[in-house]
Amino acid sequence: MLQQARMKRELAKLANADSKDICVFSKNDNLSVLEAQILGPPNTPYENGIFKLEIVIPEKYPFTPPSIKFLTKVYHPNIDDSGRICLDLMKMPPTGGWKPNIGIEALLIAIRMLLENPNPDDPLMGNIAEEFKQYNMEFCSKAREFTKKYAS
């Protein structure tokens, strides 16, 4: 019950937000599965891309973080081929930074910021992280290619 009320409040807040960069909508009546879209940040290889994500809300939300994954293929050191995301805010303490007051909007903003500023020192994709560090122009070219192919 707490989860349902919280999700209704969060979705209403997101619907009224001025942001054109993030949108979220429910895929079912009980608000346990959401779909989000993030607009690729400007001045990045992801610019103008529209990236779809799936958000699964656990029964113990907000005390347990939601599971979020990209449905759109992304070339990024912190996002693997299955769409899983390496982001501390999405993990429970002590290894992660999840807190019940974070919410869906903050997580999506953090994910968008991760697109803008990859963290190659904590990668899911070691080869892409190495490329990001050593051959950044090549990384950017491949990331732009993926964005054009999968997120247009």
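F132 and F139 are both buried (under 20% relative accessible area, with a 1.4 Å probe and protein chains only). This is a predicted model, where local features need pLDDT of at least 70, side-chain atom pairs count only at pLDDT 80 or more, and totals for chains, interfaces and linings use all residues. Residues are numbered from 1 along each chain as its sequence is written, and side-chain values use heavy atoms, leaving out hydrogens and water.

**Exercise 1.** Find how many aromatic pairs the whole structure holds, then look at F51 and F70.

*Solution.* Start with the rule: rings of Phe, Tyr and Trp (its six-membered ring) pair if their centres lie within 6.5 Å, and planes under 30 degrees apart are stacked, over 60 edge-to-face, the rest tilted. The search gives seven pairs. One of them joins F51 and F70, edge-to-face, at 6.3 Å centre to centre and 85° between the planes. Finally, F51 and F70 are both buried.

**Exercise 2.** Which residues join F132 and F139 in a cluster of ring pairs?

*Solution.* Ring pairs link F132 and F139 with Y75, F146 and Y150. Now turn to Y150: the charged end of K73 sits over its ring, 5.7 Å from the centre (NZ of Lys or CZ of Arg within 6 Å of the ring centre and within 35 degrees of the ring normal).

Key: Buried < 20%, exposed > 50% of the residue type's maximum accessible area, 1.4 Å probe, protein only.
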